[in-house]
Amino acid sequence: MGIIFDETNKVFLLNTKNTTYGIAVTDGMYLNHLYYGRKLEDTNIRYLLRENEPPFIPSVNQREKNSFLDMAPMEYPETGMGDYRESAFCVRSEGGHRASELAYQSYQIVGGKPELEGLPATWGGEEDCTTLKLFCRDETLGMEVQLLYTVFEEEDAITRSVIVKNAGNSSIYLEKVLSTCLDMDDRNFEVIGLFGSWGRERHIQRMPVGYGRQNIASFKGESGHQEHPFMALVTPETNQDIGEVYAMNFVYSGNFIAQVEKNQFDSVRMLMGIHPEGFTWKLEPEEVFTAPEVVMIYSDEGLGKMTRSFHDLYRNHLIRSSYLHKKRPILINNWEATYFKFDEKKLLDIAEEASKLGIEMLVMDDGWFGHRENDDSSLGDWFVNEEKLKGGLNKLVEDVKKTGMSFGIWVEPEMISPDSELYKKHPDWALQIPGREITQSRAQYVLDLSRDEVVDAVYEMIANVLKSADIRYVKWDMNRQLTTIGSFQWPADRQGELYHRYVLGVYKMQERLTKDFPYILLENCSSGGARFDPGMLFYSPQIWCSDDTDAIERLAIQEGTALIYPVSTMGAHVSVCPNHIIGRVTPFETRGNIALLGTFGYELDITKLTEEEKEAVKVQVQNYHKYNDLIREGDYYRLASYAENGCYDSWMIVDKNKKRALVFYVQVLARANAKSKYMRLKGLDPKQYYQIDGKRYLGSTLMNAGISVSAEMGDFRSKLIPVEAI
Ligand code: GLA
């Protein structure tokens, strides 16, 4: 049983295969955090609360209640009663006061996992997971709060979320409803986060945790290029294989905060949830608010184990697409090939040539609708530009199919261009603040997706396009962040709900799209990888990683992304050189090898490739067919990081039954007078014999002594090394 309650000690234990999370009820009302870490076999852990040390607990020494609140490890800390660390929850009453005190009432343990209404979330049946609901109440406000914990035993994961109900008689205003809090004693923790920019998403950064508060956040209305809804605290010795890791990842695609705070008593508090800046939510009597969930993973075997737990959880219990376990069609996207300058002839030329080389789908990117010839027009006018695509969309799709390829299309449904017909008709549909200029970004405005009528109308337009031809893939893009947050629909005291309502609107549209068109492969995208988060993965099995397609730049981007997300979700394409973003020239083979650790596809004008490059495409296509099942479904191990060593990068994938593996190695910069390197493999069966390059080795030898990788002439040279059990 994943969850047990010890009545006598008033202790809840949440057990996964290798971990335990403990909660205690103190003084009949407080929910205190007891423990999170390696698995415990006994509920006798109440002593961890230090109840016999000053300031004691409130019933022993009422005078010191605020000292207790400021010192005790809290499961869900609130504002206004004495805990001066950052709170997870803040509510304002009708009278304008900000304080609450949630008293524990009762609990329920249920098999499986209840859905979170309107929100993406992990899912599972009774055989997969168990859920604990802790019911709390604030008497003064008449407010009820449920703290939800779901335990996924196999994947060593615990998810948390919060449901708030106004059970009183007057309105209340939620000003902060974070989804999780984890209070622990500091152990010289360091914090790991993912940082970046457009074209440089999700680079790993590690820093010490000092006194005070350090946070990672977005106020952009999406998760963003710059910071990522992920945070891990690690003990100092932590690397891929050893050390303790406490990781959190937010299943949400809007504003977020992840924070660590170290206080006067050397306790650390980790928090994660919707960013309170720009957020208020009015709850009328009987109304309910649900906070999105946070996934927590603890690993005592370093970052590698954490990564594999996330990958398994997301593949088994988050991504719903029927494409998840399938080899995705190898696609060719015309963006870097043509940008906005294409017509049906050019697309057909690309399709014909691509088909000959084994590519399976043509994706028509931006520029096919309204009168869009560059990026400053026509968003919202979702009808095909027949001057550009003579004969219309259906004809083009049918012609592409005749080349043996299927067809996919790009859309950007959340946006509206100032010059569009849609904007002329519905200027009030753009997010805006009356009397203030609407800030443009990429010459576009953002639709007010907090309004159901806007969601419905835009969805219908997109659905009509998808019904008008045999379209098998959609790239859903989102190319700017939110500003001038105002809506004509909502009263003044609900304008603070817009950021979140916007995200809920996106989710509504994607939910409908995936239900109405289950056969369409959906790939999310946001100016590259600005919305690569677990929220979007609930709807799409893959997300475009970055507009930077340079193979070497991709090493750090894909390393950071794969730290959390299954490699099968990473949109990765081979493009031309010099690379359009940074001008680097890399070998064609290396570009292919690096794109293999992802969805794999092409983003170039294939009609312009040399014969030699075309032959290389054929080899890459063969490699994709040979290795994609393994790469998509296997366990991912990082062997070396170019971002760390400045010299070379290496990963490997091992299939679940340890019979097959694939090692990737790239020598980024060549070195004079260098000897070969021993790369120690990971994840193999120590007692199994394996064959590499026709030679036989024992698994333990490969893992302890390593394989020899020779130095190469030239920069950016890479190789794939297959490992087969014999
Ligand atoms: C974004 C995407 C690109 C491409 C362009 C089209 O930047 O990330 O892949 O689709 O938009 O405008």
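Helix 10 (residues 551-562) and helix 11 (residues 588-596) pack with their axes 9 Å apart, at an angle of about 20°. The model is predicted, so local features need pLDDT of at least 70 and side-chain atom pairs pLDDT 80 or more, while totals for chains, interfaces and linings use all residues. Residues are numbered from 1 along each chain as its sequence is written, and side-chain values use heavy atoms, without hydrogens and water.

**Exercise 1.** Describe how helix 10 and helix 11 are arranged.

*Solution.* Start with the terms: helices are DSSP runs (H or I, at least four residues) and strands are too (E, at least two), numbered from the N terminus. Axes are lines fitted to C-alpha atoms, for helices over the stretch in contact, and angles run from 0 to 180 degrees between N-to-C directions. Angles under 35 degrees count as roughly parallel, and helix 10 and helix 11 are therefore roughly parallel to each other. Next, take the handedness: helix 10 passes helix 11 in a left-handed crossing (the near helix is turned anticlockwise from the far one by less than a right angle; clockwise would be right-handed).

**Exercise 2.** Now try helix 4 and helix 5.

*Solution.* Helix 4 (residues 344-356) packs against helix 5 (residues 392-402) at an angle of about 20°, and their axes are 9 Å apart. That makes helix 4 roughly parallel to helix 5. The crossing of this pair, helix 4 and helix 5, is right-handed.

**Exercise 3.** Work out what surrounds the ligand.

*Solution.* First, the shell: 13 residues surround the ligand (a heavy atom within 4 Å), and the closest are Asp365, Asp366, Lys475, Gly528 and Asp547. By class, the shell has four nonpolar, three polar and six charged residues (Ala, Val, Leu, Ile, Met, Phe, Trp, Tyr, Cys and Pro are nonpolar; Asp, Glu, Lys and Arg charged; the others, Gly among them, polar).

Second, the ligand's oxygen atoms: a polar side-chain atom of Asp365 lies 2.7 Å from one, and a polar side-chain atom of Trp410 lies 3.1 Å from one. Third, the burial: the ligand taken alone exposes 310 Å², of which the protein buries 97% (Shrake-Rupley method, 1.4 Å probe).

Terms used: A polar contact is a pair of N or O atoms within 3.5 Å; within protein, one must be able to donate a hydrogen and the other to accept it, and residues adjacent in sequence count only if both atoms are side-chain atoms. Angles under 35 degrees count as roughly parallel, over 145 as roughly antiparallel, 65 to 115 as roughly perpendicular and the rest as oblique.
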